[in-house]
Amino acid sequence: MNKDKQSNLKQILESGGFAVTAECGPPRGADTEVVIEKGNLLKGYVDAVNVTDNQTAIVRMSSLAACVHLKQMGLEPIMQMVTRDRNRIALQSDIMGAYSLGIKNILCLSGDHQTFGSQPDALNVFDIDSMHLLNMLKTMRDEGKDMSGFELNESPQMFIGAAANPFADPFEYRVIRLAKKIEAGAQFIQTQCIYNMPRFREWLRMAREEGLTEKAYVLGGITPLKSARMAKYMAANVAGMDIPDEVIRRLEGVPKEKAAAEGIKICLETIAELRQEKGVSGVHIMAIENEAKVGGIVEAAGLMPRPKAV
Amino acid sequence: MIVAEQKPLAEIKASVAQYEKLLILGCGTCVKTCFAGGEDEVATLASALRLAFKKDGKDIKIEELTVERQCEDEFIQEAAAAIERNDAVLSLACGAGVQDIASRFAASPVLPGVNTTFIGILEKQGLFIEECSGCGDCKLATYGGVCPVTRCAKKLFNGPCGGSQNGKCEVDPETDCAWQLIIDRLKALGQMDNIKHYIPPNDWRPSGAGGPRKLFREDLVV
Amino acid sequence: MTAITEKDFKPVITIFHCINTFSEAEALDLSGDNCEIRSVKLACSSMVKDVFLLRAFEAGADAVVVFACPEGECRYISGNLRAGKRVERVKGLLDEIGLDRRRLALFNIATGDTDAVKQATDDTLEVLKQLGPNPAA
């Protein structure tokens with residue numbers, strides 16, 4: 001694995017490009033084919049792919065392993081790490097292992113609580129939070145030391161990312177927390193999927209005012225809605241999700257078989273608006289179990305071709 | 001107080017079924033205040049067990065006794081005679097009390113009658129909520145008197161997470177988001193600076209991560 | 001073992017009553033050929049601790065009845081509500097014990113309403129016809 005090559009995502013963002021990332025959820029089993037299939041759907045359309053870490057606390061193939069499979073087929077992975085399941089010992093260990101396997105991007109999260117998942121009976125960890133994880137990565141990279149102060153024989157040069165949710169409460173504290181994440185080490189931010197553009201704009205304005213968009217690259221989250229039912233389900237059941245009534249009404253206003261297409265239209269409108277916003281450096285397309293749609297969205301949004309990896 | 005809940009009757013009945021003479025030993029401190037194991041609960045449980053066994057044709061003899069606390073030898077010894085003359089002890093104390101009895105009366109089977117749960121408070125009539133997890137390094141001054149270790153489901157020190165909505169926790173819509181409470185409290189106190197900057201990771205050793213804890217107060221020993 | 005027939009079964013009912021509903025159970029003359037009434041007089045129905053209700057069953061009651069004041073008329077404001085809660089809890093216990101919750105009931109009786117008392121007693125005897133004697137007596 002060529003470890004000297006820089007993160008492709010980092011290069012694109014640093015050169016001022018508008019980045020496109022997407023998401024890949026590993027399978028509930030050891031079948032690599034699923035990962036390869038998803039990879040093939042995304043290849044060429046995105047600059048990097050997030051690989052989720054036991055998302056919604058459902059046991060899946062590890063993010064680390066799935067990242068390696070994607071890397072082997074020529075995609076650039078962003079390894080998601082949650083602090084829910086692993087303590088600082090395991091997390092540092094996995095970071096070093098990931099870098100040794102050529103993974104250069106990490107997204108730090110606390111993680112969905114395990115009560116939502118397939119093993120609510122498990123003991124959760126939360127030894128550290130996502131802020132600590134960001135700082136840990138920064139320290140390992142810039143000081144070459146682990147959390148205990150031990151000098152590493154090689155320091156993982158990771159491009160560090162964090163998540164932000166402009167739609168969760170308390171609203172006024174969100175930007176303070178974003179500042180903390182950047183202070184801790186976050187270099188790029190992926191937001192929760194955007195349907196409420198005015199609220200997003202307000203959050204972005206506050207972030208700009210604090211100078212945060214100068215310090216980190218914000219990628220706006222996009223998820224195509226397939227139906228009014230999906231929209232209503234997400235609005236009611238996904239924590240921190242804000243789907244305004246008008247969006248749901250739009251989907252209800254078209255015949256059922258046209259709803260998915262309408263959902264994509266809404267995505268494209270949002271992407272177009274995001275490209276106009278100062279301080280937004282890209283989009284993060286989370287097409288959950290709907291990866292086939294990503295290519296079409298990227299093309300229709302006028303974001304093709306993607307810059308070649310250097 | 002330490003909050004506990006009495007085990008279901010069926011479970012208790014099954015655990016004592018083999019004994020002819022049973023002592024139900026209550027505790028007058030924490031479990032009394034949460035109505036799980038004080039003298040009233042001992043009396044009710046004794047009566048319920050006698051009825052339940054009588055229905056099965058068994059005439060179990062139950063002695064009822066409550067001591068001030070089952071976590072101190074001075075009070076435990078008051079029950080010594082009663083423990084000796086019965087086949088087994090059903091202790092309604094918290095897990096610590098049950099073990100204290102068991103360690104001092106090794107020849108007597110000591111069974112737990114309650115499930116010990118958390119350190120909490122009586123929020124309002126009938127409602128006990130967990131507020132302290134005994135982390136051993138109290139940081140309530142930083143967080144305006146709201147504990148992120150206990151009351152945040154993810155033990156975040158730099159919260160809130162993205163699942164906080166309308167002041168409620170993603171895990172349970174009835175549960176307040178601790179970080180919303182922290183922020184509200186700090187705002188009211190004018191102490192938002194406490195959480196403006198990075199708060200480093202916790203050392204979990206004082207919390208029991210290093211094994212069962214002990215506290216030796218040499219200054220109290222004569 | 002021959003089953004106890006209706007003829008042989010003389011139910012024992014223990015009544016816990018607040019003195020505000022009536023002052024002396026004996027004066028109501030509820031006992032008779034068909035049942036035996038035991039009574040416990042209380043200053044307020046809220047004084048029925050769980051254990052008293054259960055001990056009444058231990059002492060041989062086939063059914064236990066609590067007479068409390070109607071809602072809003074408790075001299076001690078909410079004593080009758082407390083009694084109601086306790087009766088509910090003990091009913092749950094009776095089910096867990098296997099004695100059947102229907103053996104315990106609370107009736108709200110206005111002061112001196114002897115007809116209501118008689119009705120309550122009759123209702124209880126009807127229930128006992130179905131349930132039979134206390135299996136733990």
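Figure 1. The whole assembly shown here is a predicted model. The radius of gyration of chain A is 19 Å. A compact globule of 310 residues would come near 19 Å, so chain A agrees with that expectation. Along the principal axes, the C-alpha atoms of chain A fill a box of roughly 60 × 45 × 45 Å. Of the 310 residues in chain A, 53% are buried. Among contacts in chain A between residues at least 6 apart, 80% join residues at least 24 apart.

**Figure 2. Chain B has eight helices and nine strands.** The radius of gyration of chain B is 22 Å, well over the 17 Å given by the globule rule for 222 residues, so chain B is more spread out than a compact globule. The C-alpha trace of chain B spans about 65 × 45 × 25 Å along its principal axes. Buried residues make up 40% of the 222 residues of chain B. For contacts in chain B with a separation of 6 or more, 55% come from residues 24 or more positions apart.

**Figure 3. Strands S8 and S9 of chain B form a hairpin.** Two residues lie between S8(B) and S9(B). Strand S8 covers residues 168–169 of chain B, and two bridges join it to S9(B). The two strands run antiparallel. Across the pair, Cys169(B) stands opposite Asp172(B) in S9(B). Strand S9 (residues 172–176) of chain B is hardly covered. Among the five residues of S9(B), the count of buried residues is zero.

**Figure 4. Chains A and B make the most contacts among the two pairs of chains that touch.** Chain B gives 22 residues to the contact, and chain A gives 24 residues. On the side of chain B that touches chain A, nine residues are nonpolar, nine are polar and four are charged. Chain A and chain C do not touch. The nearest C-alpha atoms of chain A and chain C are 27 Å apart.

**Figure 5. Chain C carries an open sheet of four strands.** The strand order is S2-S1-S3-S4 (chain C), with parallel pairing. Strand S2 (36–42) and strand S4 (104–108) of chain C stand at the edges. Each edge strand has a single partner strand, so one side of each is left without a neighbour in the sheet. The twist averages 20° from one strand to the next.

**Figure 6. Strands S1 and S3 of chain C pair in the parallel sense.** Strand S1 covers residues 12–18 of chain C, and strand S3 covers residues 63–68. Five bridges link S1 and S3 of chain C. In this pair, His17(C) stands opposite Phe67(C) in S3(C). Helix H3 (residues 114–131) of chain C packs on the sheet. H3 touches S1, S3 and S4 of chain C. The direction of H3 makes about 155° with that of S3(C).

Definitions and conventions: Residues are numbered from 1 along each chain as its sequence is written. Chains are lettered from A and ligands numbered from 1 in the order in which they are written. This is a predicted model: local features need pLDDT of at least 70, side-chain atom pairs count only at pLDDT 80 or more; totals for chains, interfaces and linings use all residues. Two strands pair if DSSP finds at least two bridges between them. Axes are lines fitted to C-alpha atoms, for helices over the stretch in contact, and angles run from 0 to 180 degrees between N-to-C directions. Two residues are in contact if their C-beta atoms, placed from the backbone, lie within 7 Å. A residue is buried if 20 or more other C-beta atoms lie within 10 Å of its own, exposed if 12 or fewer, and partly exposed in between; C-beta atoms are placed from the backbone. The radius of gyration is taken over C-alpha atoms; the globule rule is 2.2 Å times the number of residues to the power 0.38. Ala, Val, Leu, Ile, Met, Phe, Trp, Tyr, Cys and Pro count as nonpolar, Asp, Glu, Lys and Arg as charged, and the others, Gly among them, as polar.
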